[in-house]
Amino acid sequence: MQLDGELRLTAEEVLADYRLAHQSRIASLIATREAHTGRATFAICGDGKEVAELAMAKAFRDGDVRAGYYRDQTFMFATGMLDIPQFFAQLYGHADTEAEPASGGRQMPNHFATRFLDEEGRFKPLIAGKHSTSDMSPTGGQMARLLGLAYASKLYRNEPGLKDRGGDFSFKGDEVAFGTIGNAGTSEGVFFEAVNAAGVLQVPMAISVWDDGYGISVPNDYQTTKSSISAAMRGFEWDGKTGTGLDIYVVRGWDYPTLCRTYLRAIERVRAQHIPAMFHIVEMTQPQGHSASGSHERYKPKARLQWEWEFDPIRRMRAWIIEEGLASAEALDDLEADDRKLVQGHRRDAWTSYTQPILKEQGAVLALLEDLTRELGDSRLTPVIEEVRHPERIHRRVVYRAAFNALAATSEHRGPARQRLEEFLVRYRRENDRRYNSHLYSESEESPLLIKERKPLYSKTSEVMDGRMILQRCFDHNLKKDARIFVVGEDVGKLGDVNLVFEGLNEKYGELRVTDTGLREATILGQGIGASLRGLRPIVDIQYLDYLIWALQVLSDDLATLHHRTAGGQKAPVIIRTKGHRLEGIWHTGSPMAMILHSCRGVYLAVPRDMTRAAGLYNTLLQGDNPAIVVEVLSGYRDKEKVPDNIGSFTVPLGVPEILRPGEDVTVVTYGECCHVALQAAEQLENLGIDVEIIDVQTLSPFDIKGSIVGSLQKTNAAVFLDEDVPGGASAFMMQHVLEEQGGWQYLDAAPKTLSAKENRSPYGIDGGYFSKPQVEDVVMTCYSIVSERQPELLPPIFPPQ
C-alpha cells in the first residue's frame, strides 16, 4: 500500500510488523510473569511502545547507532540487534555473552547493547552493521553519550584528516545517532543540556520521547512545563536564518502509517543535512505499569486505564489492518496464536540454556559431597547435600555455599575427597570472579598498562620553558600525528585554554580539532564518550577539577561502568583533562581524589607532579584504550621545566611510582603538588638529622602495580601518606594499598600517619590556603615526631603536639 508519495508498505511488510509487535508484547507479559514466579528477579519491559518503535526501526540503517531507554525491545527486535531468546537470556541473567551479548548477565532486563569489540577487545567495523550503545538505568543518562555519537558523524563528514580514517566507523558522516527517553526523563538537566548542544552543533541526533503520560506514578502535570515537552521546547525549533536548532515532530504512538511516514522522511533530513530532530510520540500506553515491582492501578484513574485499553497501539494497529483489508480478524487470530507458541518456545529454550550449565555445576559439587561423605563415614553433610539436590532456586551461589559449608563442617578432617572439594571451591570462585567481575579495565593488547616506558631525552640544546609549553608541544605533536585526536572544552579554542596550554592550536588545526564549547560539563564529557565509541580519540577539558562534579553522574554511571557492564563488549577510551590542587578559593583548589576513586573505578586516574610528567602520561594514554582522568597541577603552568627532545613520544608508565629522593628514616608517599611540598620539607628535615625518602605514586589508579612502595618501608620502617584530599580520602586509599595489600604493616616500627587537608574546602587567599592544606611545616613536624618517638634520646621533641 502507498502511504504518501513514494513511501510504500506491502501487506506482507505490515503483517510482519504486526506480528513482531505482538510477539514483543507476549514477551513483555511473560517476562512480568517470570518475575512474579521468582524465575527472574525483576522485569521492566517495552509494552505500549511497540508501534512507534517499528516505525523508527524503518529509518535505522547500517552504521547508525542507538543510545536508548529501557523500553526499546521492539526496536531492537525490528532492527535485528536483539532476538527473543536473547531477551529472555537477559531476563534470567545468563552469564554467557553468546546467549546474552548485551552484558553477559550483568545488566537488568531491557538494558540493551551490541558488541562493538571482537574477542581481543578491538573495534569491529561498525559501519557494516547496526549498533546499540549500552543502556543505563539513570533516566536521561544516555543523553550525554548520544550527543557524542552524533558529533562523531559531524567530524567524519567535515574534518579533512578523517576522510581516510573513518572506513570502519563512518561513510561520509551519514550515520544518525538515535536516542530514546521517557517523557519524565526529559525533566533531567542533562536532557536540556544535550538538546541545546545538539542545536548549537548541528549534529545528526534523532531523539524520540516516548510519552505515556507518567513517570512511574507522577503525571506530566508535575513533570513538564505546559505538560508537554514539545510545547516547552518550541524555542529550540530549527531556524533557517541562524542555521541552529532542531526539528520537532509530534505524532500519536498508535498511528502506524503516520509514524512510518514521519520517521522515514524526517530521518532523511537529519542524515543529509545534520539537522537534529526530536520526535514527541504522544498518546502512548504502559499496559503493565512501570515494572514488575508495582501496579499502575494504584495511581491511574479508571478513565485513564480505560483509555489505555482502547488506545493500546497493538489493538489500534490490528483494527487498522482489518479496516484496510490487509488481513481478516480470523487470519490475525491464527497468527497471534502461532506467535504465542513461538514466544513460549523461545522462553523455554532460554530457561534451559540458562539452567543447564548451573545444573551441571550442581551435579559436580554433589558428587564431591557424596565422595566426602563416604570418606567421613557419617551423615553430617546430609543437610548440605539435600540443599543441593532440592534447591529453592537454581543459582551458582547454592553451589558455592554448599562447598563452603561442607569444608567448614569438616575442618578437622584431612583426606583426598576433602582436598578435591577444596580445589573445586578455589576453581569455582575464580571462574565466577571472571564471570561477573571482569573487564572493569581494558584487558586487550591495547591496554595502556602494556605501553612501554620511554624516558624523556634531553640534550645541550633542550629549551627551558613554562610548564604550559611542555603540554602545548605535546598536544601539538599528537594532533599532528593522529587525525582521530580532537580536544573539546570551555575556552580551549580561540583563547587556547585559561592557562594558554592550547595557544595557537585552534588556528593551526581548525575548529573541529581544538573546539570551544558552552558551559556544559556533562555533555562535554558526553561528546568524548560517544565519539570514542565510534573510533575517535577525544580529549575533553574540564576547566577545573571542582567542576568535574557537574559531569560526575555521566562519568560514574556511564563511562566508568561501560567496559564492565558490557562484559568487554564496548569501550570508550576518552581522556579527561582537568586541573586541580592549589590555587585560590573554594571552587579552584579542589583535590577530591577519593570522590573520583570511589565513584569512578574503571577510569584510570593520573596525578602528575609537573607538566613533563603530565605530557608523558598523555602520550601513554593516547596509545592505549582505557579511559582516564589526568589532573594537572594548577599552580605549575608558569614553573620552568626543560622540554624533552622527544616531547611527543616519551611515555610515563601507569602504576609505577618514582622515588624522588632516597632516604633511610621515613617514607613519604604522595603525588601532585604535594611532591614539591615534601621535597622542601625534606631539606629542613635533613638539617634536623632526619633522612626522608619521597615517593611520587604518579597514578592513583592503577596504584603501584608492582608493589614497589613496600620495599621502601622495609628500609625506613615508617610511613607518611601525604595529599590534599579530605581526611580519610586518597591518603587513606594509599595507606590501605601499601599496608594491607602490599603487607607493609609488618615492616613498621612506628604508627603510620596520614597527612591531608582539612575537612572544609580551602578559603580564598594565601592564609586561608596555608591553614587548610598541608604545608612544609606540617610535613616536617609529622616526620620529626615519628623519628623522635623511635629515638627520643637522639631527637628530643621540639614541636608541640599536632
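This is a predicted model: local features need pLDDT of at least 70, side-chain atom pairs count only at pLDDT 80 or more; totals for chains, interfaces and linings use all residues.

**Cysteines to begin with**

Visitor: Is Cys 45 buried or exposed?
Guide: Cys 45 is buried, with a relative accessible area of 4%; the limits are under 20% for buried, over 50% for exposed and in between for partly exposed, using a 1.4 Å probe and protein chains only. Residues are numbered from 1 along each chain as its sequence is written, and side-chain values use heavy atoms, with hydrogens and water left out.

Visitor: OK, and how many disulfides does the count come to?
Guide: The count is zero, where a disulfide would need a pair of cysteine sulfur atoms within 2.5 Å. Cys 674, for instance, is in no disulfide, and the nearest cysteine sulfur, which belongs to Cys 675, is 7.6 Å away. Cys 674 is also buried, at a relative accessible area of 1%.

Visitor: Let's switch to the core, then: which residues touch the most other members of the largest one?
Guide: They are Met 143, Leu 555, Met 593 and Leu 700, in a nonpolar core of 85 residues. Such a core is a set of buried Ala, Val, Leu, Ile, Met, Phe, Trp, Tyr and Cys residues joined through side-chain atoms within 4.5 Å. Helix α5 (residues 142-158) gives the largest share of this core, ten residues; helices here are DSSP runs of H or I with at least four residues, strands are E runs of at least two, and both are numbered from the N terminus.

Visitor: What does Met 143 touch?
Guide: Leaving out residues up to four places away in sequence, Met 143 touches Ile 181, Val 190, Phe 191, Ala 194, Val 195, Met 205 and Ile 207, with contact taken as heavy atoms within 4.5 Å. There is also a second, separate core of 66 residues, and Ile 44, Leu 54, Tyr 69 and Leu 332 are included in it.

Visitor: How many cavities are there by the rule?
Guide: There are five of 30 Å³ or more. A cavity is a set of points on a 1 Å grid over the protein atoms alone where a 1.4 Å probe fits but cannot get out, and its lining residues have an atom within 4 Å of a point. Grid points are joined across faces, edges and corners, and the volume is the space filled by probe spheres set on the points.

Visitor: What volume does the largest cavity have?
Guide: The largest cavity has a volume of about 80 Å³, and its lining includes Leu 440, His 563, Lys 571 and Asp 625. By class, that lining has six nonpolar, four polar and two charged residues. The second largest cavity has a volume of about 50 Å³, with Phe 116, His 131 and Arg 534 among the residues that line it.

Visitor: Changing topic, where is Glu 100 found?
Guide: Glu 100 is in the loop between α4 (84-92) and β4 (131-132), and it counts as buried at 1% relative accessibility. Apart from residues up to four places away in sequence, Glu 100 touches Gln 86, Ala 89, Gln 90, His 94, Gly 105 and Arg 106. The C-alpha atoms of Glu 100 and Ala 350 are separated by 9.9 Å, although the two are 250 residues apart along the chain.

Visitor: And what does Ser 353 touch?
Guide: With residues up to four places away in sequence not counted, Ser 353 touches His 94 and Ala 99. Ser 353 sits in helix α12 (residues 329-376) and is partly exposed, with a relative accessible area of 32%. Its C-alpha atom and that of Ala 99, 254 residues apart along the chain, are separated by 8.0 Å.

Visitor: One last topic, the backbone: which peptide bond is cis?
Guide: The bond from Ser 701 to Pro 702 is cis, with omega near 0°, and Pro 702 lies in the loop between β22 (699-701) and α24 (709-716). Gln 698, in the loop between β21 (692-696) and β22, has a phi near 70°, a positive value in a residue other than glycine. Gln 698 is buried, with a relative accessible area of 5%. Asp 491 also has a positive phi, of about 75°, although it is not a glycine, and Asp 491 is partly exposed, with a relative accessible area of 33%.

Key:
On a 1 Å grid over the protein atoms alone, a cavity is a set of points where a 1.4 Å probe fits but cannot get out, and a pocket is an open set with protein on both sides within 12 Å along at least five of seven lines; lining residues have an atom within 4 Å of a point. Ala, Val, Leu, Ile, Met, Phe, Trp, Tyr, Cys and Pro count as nonpolar, Asp, Glu, Lys and Arg as charged, and the others, Gly among them, as polar.
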